[in-house]
Amino acid sequence: MLNSIVMMLAMALCLTSCNSDDPIPVVPTTVVSLEVPANLEDVVLSGAKATLTNVETQQVTTIEASQFVKDENGYKMMCNNIEAGTYNVIVSGHLDFTLKGVAGQKDFEVSSDNVVISPTSHDLKMTISTFTAQGGFVISEIFYTGTSTPEGKSYSGDQYIIITNNSDVTLYADSIAVLESAFLTTTKQDYDPDIMSTHFSVQACYMIPGNGKSVPVEPGQSLKLAINAINHTTEQPNSIDLSDADFEFYDETSNPNFTDPDGAAPNLDKWYCYTATIYQFHSRGFNSMAIAKMQTSKEDWLENYVYDATYLFVFGDFSKEMTKSGIYKVPNEWILDGVNLSVESVREWNVLDASIDAGWTYCGKVDRDETRFNKSVIRKQDASGKYVDTNNSTNDFIPEAAASLLKH
Amino acid sequence: MQVVRFIIVALMVLALQIADAQTVKSGIVLDAEALEPIVGATIADAQSGKVLSVTQADGSFNLPKNNEARLRITSIGYKPLITMPTSDGRYLLHAEVSQLGEVVVTAQENKGLTTSSRIEKHAMEHLQPSSFSDILELLPGGRSVDPSLSTPNNIHIREISTPSSNYATSSLGTSFIIDGAPISTNANMQYLAGAWDVMASSRDNTNAGVDMRGISTDDIERVEIVRGVPSVEYGDLTSGLVKIERRRGGHDLKFRLKADMGSKLLYAAKDLEWENRRLTLNISADYLDAKADPRNNLENYKRLTFSARLHKRWEQERYQLALSSNLDFSRSLDNDKEDVDQTYSAEDSYKSSYNRYALLTSLSFKTKGHSWLKSADLTLSGSLEKDLIERTKLVQLSRMTIAPLSMVEGENDAYILPFKYTGHHEVDGKPVNAYAKLNVRLQVPNNTVSNTLLLGMDWNLDKNLGRGQVFDPHTPVYTGISSRARSLKEIPANHRLSAYGEGTIKWPTPVGTIEAVAGLRVTSMLNLEQAYAMYGKAYLDPRVNVGYTLPRLSLFGQPMFIRLSAGIGQHTKMPTMEQLFPDLLYVDFIQLNYYHDNPDYRRINLMTYIVNPRNTALEPARNLKKEVSLDINIGGNRMTVTAFREKMTSGFRMQSYYQTYQYKQYDASGIDPSTLTSQPPLETLPYTVLNELAGYGNYTNGSMTLKEGIEYTLETKRFPVILTRLTINGAYFRTTYNNSIVDSYRPSQVIAGRQIQYVGLYEADDGSVREAFNTNFTLDTDVPRLRLGFSFSAQCMWFTTSQRTEVSNYPVQYIAPDGSIHDWKASDAEDMYLRWLVRDYTASQFEKNQVPFAMNLNMKVTKKLFDDRLHIAMFCNKLWDYTPDYDSRGTTIRRHVTPYFGLEMNIKL
């Protein structure tokens with residue numbers, strides 16, 4: 001490919017030099033190369049259009065998408081037989097890509113003014129600099145404590161988790177699962193095998209359904225995932241209206257002891273849950289939470305991503321070798337973001353690998369702290385409004401923050 | 001009824017025998033100190049040595065009328081008496097080792113054939129109990145335990161108990177008899193259906209026997225706790241018998257005030273006796289107020305008892321007639337409340353009261369002459385309880401929750417509960433018990449063998465007239481309750497009829513004395529539907545105790561007596577009312593769960609099935625006891641050792657069963673919420689028919705309890721000068737619990753949106769072996785001159801162990817979603833769904849856990865003042881302890897012991 005281009009270029013040079021009578025030389029082949037951000041994968045360019053406007057003659061040359069050719073750094077297009085001169089170049093189009101495994105898309109328009117195209121200078125490099133595609137989906141808030149009723153009782157049906165597109169491209173939330181750790185941050189065991197450096201052991205996996213591009217999330221926008229996507233304030237005045245949630249953790253069951261109200265929001269796809277009762281987040285925050293892009297089918301994951309561990313259980317006068325069989329696992333590479341939750345007075349360890357979260361955050365400093373209700377853990381934002389993500393929630397999160405959806 | 005006719009005829013025949021009584025000369029042999037009859041004493045001609053007669057159960061003997069020779073009266077343990085026949089026929093034998101004036105503050109092994117512990121008034125005064133539970137410390141294997149009066153106290157004889165209610169038959173099968181009348185708990189239905197909270201579940205005492213907290217100890221004269229094989233006269237028991245006799249007569253006005261770290265007790269009694277009219281009346285009352293934590297006023301237990309006991313005796317030349325009449329009232333009240341200051345004034349309380357009214361009348365007839373009929377006793381008793389549990393709670397739900405209301409099978413809409421309401425749940429029980437017992441004791445005149453034949457029958461009725469579970473299903477305290485209100489009156493009365501016969505002989509021979517008690521008890525449950533396996537069945541309890549006492553031996557100049565004895569017996573406990581007639585179960589399935597912002601449009605549709613969880617195959621629990629004992633007495637120092645083995649394979653347990661049910665799963669996704677004007681109609685909704693497995697519990701005979709062990713007691717004489725007596729007692733117990741019935745388990749994991757639809761069936765689940773070996777060394781000193789008594793008891797627990805019985809992680813079979821049963825194959829462990837049926841046990845969970853030596857030192861002091869009118873007593877348990885740290889698989893276990901003390905004052909006016 002490259003060789004033939006060089007050949008063509010050589011021929012073009014020969015032709016122009018031979019035709020010295022013409023006052024304005026025609027550049028037989030101009031190459032416009034489009035460089036996309038390096039962290040994008042599986043880039044597909046569509047609707048691309050390049051416009052070269054001759055500054056002097058105002059003559060416009062348009063190159064349509066079909067002429068864009070993919071190469072290793074991005075795309076190239078060929079523009080044949082344009083007059084040498086000074087041009088204003090605009091390249092626009094639409095990019096579909098994956099960013100850390102997550103499908104994304106972005107429209108772009110890059111321009112370059114007063115570019116000289118001549119028989120000796122006919123390679124234009126256009127770099128997409130209008131977005132960086134840094135970051136991705138992050139957990140921006142977990143409200144796991146629930147609210148308190150006017151009578152001081154705990155109300156947990158209004159728990160929610162918010163995930164935000166922290167990048168500057170539109171990302172699709174399809175197949176992103178909310179994961180809850182199988183292990184408690186308050187009970188350290190030496191599990192054998194210890195897979196934490198490669199996998200996250202989970203006890204609940206609820207996935208955002210979609211065909212791959214069903215749930216676009218604009219840059220900076222969020223998805224609200226509610227345990228019960230209903231208006232809780234009609235029953236519990238101190239609670240939250242979650243009827244506008246984007247998705248709901250719905251537990252379908254025939255058991256009348258565990259009726260779960262099915263709000264209007266679409267339901268998450270329940271892949272696995274450790275309990276046949278109602279699923280809710282640990283209201284004291286003993287489990288770590290993560291979001292992951294599930295990169296295999298439900299059947300494959302349920303069949304093959306499960307393991308058994310053993311550990312030595314020590315309590316009082318007991319010291320026993322125990323088996324915890326049937327632990328589901330998610331490869332760390334699939335994980336987009338994770339947060340260790342715990343309580344200072346009873347915390348023992350982190351259950352997420354340090355590459356995902358080297359720190360931990362909390363609501364309540366002692367176990368069963370009743371002041372924890374109505375509080376949430378919220379990710380900090382920088383001056384530009386972007387969420388801080390250093391993979392250390394001690395640094396990145398505001399513990400015991402007022403829940404963002406609660407009216408204050 | 002044939003039995004009744006037989007007894008009547010027999011009585012008539014025997015009465016005729018009285019006329020024949022004049023051809024002989026009679027006498028009676030008594031213990032010179034206790035003035036109690038000596039049974040089996042040999043009456044011989046002092047010169048020829050020819051045995052003329054033996055004394056019978058009442059100490060009497062007959063001689064040919066013409067006998068004028070000198071008599072030599074001997075009985076083992078007594079100094080021989082050589083005397084001319086006396087005119088009044090009274091012969092007093094003196095014990096070889098005098099026990100006169102001895103104050104015994106420990107339990108003593110009974111001298112009879114039955115293995116039992118006798119605890120006398122002195123021991124109780126010294127022990128300073130708050131309730132009957134405290135007395136059990138004195139049994140072999142017993143240890144002082146801090147009173148725990150905020151939850152029911154059950155008895156566990158010869159057992160290291162397990163908290164599992166599946167092995168409660170042992171305490172259920174221990175019969176408590178007060179002054180001849182049993183305390184029936186068969187109609188106890190006081191449980192809060194659907195309760196999961198500790199406040200309620202920790203106080204549930206159904207099917208667990210007598211709650212010993214309710215038995216006050218102050219009126220007790222003596223207690224006999226039968227650990228071995230009791231007489232066939234006592235039935236409806238498997239494990240043991242507690243016979244309580246209360247005080248009669250006296251002239252005192254008594255008060256007792258006791259306080260310890262958890263409770264206060266106040267007791268008052270007036271004893272009246274009119275000797276010339278042979279009439280006694282005892283009136284007493286006591287009040288106990290116990291707190292789980294002395295700083296918390298909201299959780300407490302209160303007991304109030306009142307007792308009036310009248311006894312009248314008529315003495316005639318030929319017979320003696322006695323009438324006892326007792327009236328008892330006892331009230332137990334458990335209270336538990338959350339502090340309203342901490343719950344924003346929301347009510348959260350539990351209150352359980354037991355009010356028992358009991359009336360007992362017994363008529364005792366004893367002949368004095370030479371008749372085959374020695375005595376006849378009729379006991380009639382009745383009790384009425386008014387029991388009420390009240391649970392009130394402000395319920396605040398965290399999600400939409402429903403209350404199934406349908407009382408019939410079929411499709412129905414559930415009621416959607418409000419998010420906030422005050423729930424109230426009552427359990428109203430009125431158990432009624434009636435009991436009648438007739439005993440006749442006969443004696444065949446015989447000059448070689450002392451004999452008694454006991455014939456008798458008893459009838460017992462239990463009925464509950466209460467309203468049962470009472471709650472408004474629209475405001476339940478316990479949501480998701482699977483039972484509905486049910487009146488207990490509908491449950492048929494339990495009738496139990498038994499007849500029994502038992503022969504007792506004592507045969508003194510030159511090569512030793514042979515004793516035997518052999519009897520048979522026949523019991524049948526009446527008023528049962530034909531469907532029950534027990535219908536029309538009679539259960540036989542043969543029981544035998546035999547003993548052989550060696551002739552008197554001598555060791556270092558001290559008299560030595562050795563007795564070997566053995567017992568074997570079958571014991572039968574009938575199921576309780578709740579076990580025979582459990583509440584119907586309502587199994588509901590959600591067919592449609594439709595939520596709408598407008599509460600009026602919400603709809604939850606259910607399919608309701610009704611399951612009767614009664615198990616008509618249920619049989620009584622039966623316990624076979626075997627034991628051998630050695631009893632050695634050297635100069636008044638006595639040692640007894642008993643080895644026992646009790647196997648009960650048919651103990652009651654709650655077992656779960658699974659069944660497949662069908663229901664429709666409606667698909668509500670097509671409903672447009674904005675167009676609804678009412679609840680969505682079902683008719684237009686698409687649905688799929690699904691199978692679902694649902695479990696329910698019923699009672700089976702699947703619990704095995706095997707009790708093995710050795711009990712031992714050594715009691716020395718009181719050593720002179722130091723005025724101290726040493727008692728060493730203890731036991732090695734090994735208790736094996738096992739489930740003989742296949743158990744089922746359904747994993748609760750949800751895979752791909754649905755709970756795992758398989759149920760594993762596992763064999764020999766839930767077994768354990770526990771051991772304990774203890775010895776209590778008690779030194780008690782009695783200084784009569786100072787009116788002071790004190791004791792030190794070093795209670796050593798040499799070790800305790802516990803070990804779970806190894807069970808397979810794999811089921812033997814499994815139930816598939818359609819209800820079909822399949823054998824388990826090794827490859828199933830790899831299946832995505834079936835792998836969850838493999839359980840998580842590891843070898844180390846079946847290793848033996850051993851807790852090494854621990855010792856507590858307890859001290860008790862009593863001091864009498866003002867001419868014995870004032871007793872002051874105090875105790876301090878665990879005053880000092882030795883409980884070293886120990887290592888358990890690399891972990892150091894530290895043990896902590898907190899002393900427990902109390903003080904009391906007794907005033908006698």
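## Domains of chain B

The domain assignment, automatic or taken from a database, divides chain B of this predicted model into domain 1 (2-93) and domain 2 (108-908). A distance of 43 Å separates the C-alpha centres of domain 1 of chain B and domain 2 of chain B. The contact between them involves 25 residues from domain 1 of chain B and 26 residues from domain 2 of chain B; two residues are in contact if their C-beta atoms, placed from the backbone, lie within 7 Å.

On the side of domain 1 of chain B that touches domain 2 of chain B, helix H1 (2-17), strand E1 (24-31) and strand E3 (51-54) of chain B each provide at least two residues. Helices (H or I, at least four residues) and strands (E, at least two) are DSSP runs, numbered from the N terminus. H1(B) has the largest share of this side, seven residues. By residue class, the side consists of 15 nonpolar, nine polar and one charged. Here Ala, Val, Leu, Ile, Met, Phe, Trp, Tyr, Cys and Pro count as nonpolar, Asp, Glu, Lys and Arg as charged, and the others, Gly among them, as polar.

## Conventions and confidence

Residues are numbered from 1 along each chain as its sequence is written, while chains are lettered from A and ligands numbered from 1 in the order in which they are written. In this predicted model, local features need pLDDT of at least 70 and side-chain atom pairs count only at pLDDT 80 or more, whereas totals for chains, interfaces and linings use all residues.

Chain B has a mean pLDDT (the predictor's confidence in each residue, from 0 to 100) of 89, and 96% of its residues reach 70 or more. Residues 16-22 of chain B have pLDDT below 50, and this stretch has eight contacts in the model beyond near neighbours in sequence. For the complex, the predictor gives an ipTM of 0.84 and a pTM of 0.84.

## Overall form of chain B

Chain B contains five helices and 52 strands. Its radius of gyration, taken over C-alpha atoms, is 32 Å, close to the 29 Å that the globule rule gives for 909 residues, so chain B is as compact as a globular protein of that length. The globule rule is 2.2 Å times the number of residues to the power 0.38. The C-alpha trace of chain B spans about 115 × 60 × 60 Å along its principal axes.

## A sheet in chain B

An open sheet of four strands in chain B has the order E39-E42-E45-E46, with antiparallel pairing; two strands pair if DSSP finds at least two bridges between them. Strand E39 (743-745) and strand E46 (821-823) of chain B are at the edges with a single partner strand each, so one side of each has no neighbour in the sheet. From one strand to the next the twist averages 30°, with axes being lines fitted to C-alpha atoms, for helices over the stretch in contact, and angles running from 0 to 180 degrees between N-to-C directions.

Strand E45 (residues 813-815) of chain B runs antiparallel to E46(B), and three bridges join them. B:Tyr814 has B:His822 in E46(B) as its bridge partner.

## Interface between chains A and B

The contact between the chains takes 48 residues from chain A and 48 residues from chain B. On the side of chain A that touches chain B, two or more residues come from each of strand E19 (269-273), helix H2 (298-304), strand E21 (306-315) and strand E22 (318-331) of chain A. E22(A) gives the most, with nine residues. This side of chain A divides into 15 nonpolar, 20 polar and 13 charged residues.

Strand pairing also crosses between the chains: E19(A) is joined by two bridges to strand E40 (residues 750-751) of chain B, and the two run antiparallel. A:Cys273 is opposite B:Val750 in E40(B).

## Domains of chain A

Chain A is assigned domain 1 (23-127) and domain 2 (137-402). The C-alpha centres of domain 1 of chain A and domain 2 of chain A are 44 Å apart. Eight residues of domain 1 of chain A contact 13 residues of domain 2 of chain A. Strand E7 (residues 102-117) of chain A supplies the largest share of the domain 1 side, five residues. That side divides into three nonpolar, three polar and two charged residues.

## Backbone details

Most residues other than glycine have a negative phi, and most peptide bonds are trans. A:Asp192 and A:Pro193 are joined by a cis peptide bond with omega of about 5°. A:Pro193 is in the loop between strand E14 (176-184) and strand E15 (199-207) of chain A. B:Gln128, a residue other than glycine, has a positive phi near 60°. B:Gln128 is placed in the loop between helix H2 (121-127) and helix H3 (169-172) of chain B.
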